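Dear colleague,

I am handing over the structure below, and I would be grateful if you could look through it with the notes that follow.

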Amino acid sequence: MKVLNIIETAYRATIEEQDDTIVWLSHAVRGAGAELGVLLRGNAVSYAVKGQNAAGLTFGGWRQTQPPDIAHDIVSLMAKGVTVYVMTEDLAKRGIEPTDMIGGLERISRESLVPLLAAHDRVWYW
Amino acid sequence: MAQEKTLVFALMDAPYESANTATALRLIDIAVRRGYAVKVFAYEGAVLLPFSRQQRHPNAIHGRSVEEENHLLTREVIAFLIAAAKQNGGTLDWVNCGLCVDERGAGEAIEGVRRGSPADFWQMAQAADNTLVIGTR
Amino acid sequence: MASYLLIESRDPYSSGDNEFCLDLARRLVAAGDKVTLFLVQNGVQPARSGAEAAGLVALAQDGVDVVADEFSLRERGIAPGRMHPGIRPSPLEVVIDRLAEGCKVIWH
């Protein structure tokens, strides 16, 4: 069973979780044997941007030593054999240029979304 | 007809925060009335849906006592859904994401709720007729 | 031909992303797929006649079956007689029917 995880909600509790919970879940189900694709759309397209930096937060005397590094988590997901797609229209709306992005992603347009959905048995929209 | 179909629901919203919760519980209600095998993977805030320490409260604005207000507790709704599944020859298997439980201190859940992981979600989804993900915003 | 159920829980007045679901429905139908768009929660707000809902009405004309959750309509005081032509009330059971049939069901 091939599943496409579409991730739209972004930066939801990523500081508290120290990752994106759906990128994390994608790692976990891949580890359990899932044949998986991931599509970043909406605000989640900025997970593909280089130079994201959530480091340095302190709360009183508490210092966050392990801030989220979502671009790294995307790269390591791809290294596990998961194809990560990113929606071009959502990138363009946010002024994100190809040179702003990490490598290895598949750029797809809305026109290509229909065949992408057809190529997967299940579509999970997060 | 009992157990004719197996459906999985992945839920993310915490109780009392989103209209998604009521719709999800309505969907589960329909499936258990049909005697389906229903599996729920509660992820993130949704692990608090069956939290056993939820308590009713009165509502002074409504002018009603605790008993009169009969406040909806999601833990009670889930317990009723588990019972309804049994009555109809089906099942309701509710799996709370264990790490999500730990970070929220939500370990006290009603009877019938078990602890699991995304790997359990994948196993459930793989074996099911279909899966509906209801994410959070 | 694949069968899709798109569940739209967002309304176009407060969610800029509502358009994504409508656009996807239109593209799927154009590709020959069978598509039902199920409006639920605040997603039913544009179902009221007189509401700004040009996108939804056009979808119905394009062959998308546009239905709205009866409870969500009632909860918001939208009577069946006050709905846009082309959008009809539906019980939530439709979602379980489609899931049981193995249809691709996407919640937005």
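In chain C, the axes of helix α1 (residues 18-30) and helix α2 (residues 54-62) come within 10 Å and cross at roughly 15°; here axes are lines fitted to C-alpha atoms, for helices over the stretch in contact, with angles running from 0 to 180 degrees between N-to-C directions, and helices are DSSP runs (H or I, at least four residues) numbered from the N terminus. That angle makes α1(C) roughly parallel to α2(C), a label given to angles under 35 degrees, whereas those over 145 count as roughly antiparallel, 65 to 115 as roughly perpendicular and the rest as oblique. The crossing of α1(C) and α2(C) is left-handed, that is, the near helix is turned anticlockwise from the far one by less than a right angle. Leu22(C), Ala25(C), Arg26(C) and Val29(C) of α1(C) meet Gly55(C), Leu56(C), Leu59(C) and Asp62(C) of α2(C), where contact means heavy atoms within 4.5 Å. These residues of the contact of α1(C) with α2(C) divide into 5 nonpolar, 1 polar and 2 charged (Ala, Val, Leu, Ile, Met, Phe, Trp, Tyr, Cys and Pro count as nonpolar, Asp, Glu, Lys and Arg as charged, and the others, Gly among them, as polar).

Please keep in mind that this is a predicted model, in which local features need pLDDT of at least 70 and side-chain atom pairs count only at pLDDT 80 or more, while totals for chains, interfaces and linings use all residues. Residues are numbered from 1 along each chain as its sequence is written, chains are lettered from A and ligands numbered from 1 in the order in which they are written, and side-chain values use heavy atoms, with hydrogens and water left out.

In chain B, helix α1 (residues 19-33) and helix α3 (residues 74-87) pack at an angle of about 15°, their axes being 9 Å apart, which makes α1(B) roughly parallel to α3(B). The crossing of α1(B) and α3(B) is left-handed, and by class their contact has 8 nonpolar, 2 polar and 1 charged residues.

In chain A, the axes of helix α2 (residues 21-31) and helix α3 (residues 70-79) come within 10 Å and cross at roughly 20°, and α2(A) and α3(A) are therefore roughly parallel to each other. Their crossing is left-handed, with Val23(A), Ser26(A) and His27(A) of α2(A) meeting Asp73(A), Ile74(A), Ser76(A) and Leu77(A) of α3(A).

Turning to the interfaces, chain B gives 22 residues and chain A gives 20 residues to their contact. The area buried between chain B and chain A is about 1800 Å², with 66% of it from carbon and sulfur atoms; buried area is the accessible area (1.4 Å probe) that two parts lose on being put together, summed over both. On the side of chain B, Tyr43(B), Trp122(B) and Arg137(B) lose the most area to chain A, together 35% of what that side buries. Arg137(B) also forms a salt bridge with Glu8(A), the closest N and O atoms being 3.5 Å apart, a salt bridge being a side-chain nitrogen of Lys or Arg within 4 Å of a carboxyl oxygen of Asp or Glu.

Between chain C and chain B, about 1600 Å² is buried, of which carbon and sulfur atoms give 63%. Ile96(C), Leu99(C) and Trp107(C) supply 41% of the area that chain C buries against chain B. The rule finds 2 salt bridges across this interface, and Asp97(C) and Arg34(B) meet in a salt bridge at 2.7 Å, N to O.

With best regards

Terms used:
Helix = DSSP H or I, 4+ residues; strand = E, 2+ residues; numbered from the N terminus.
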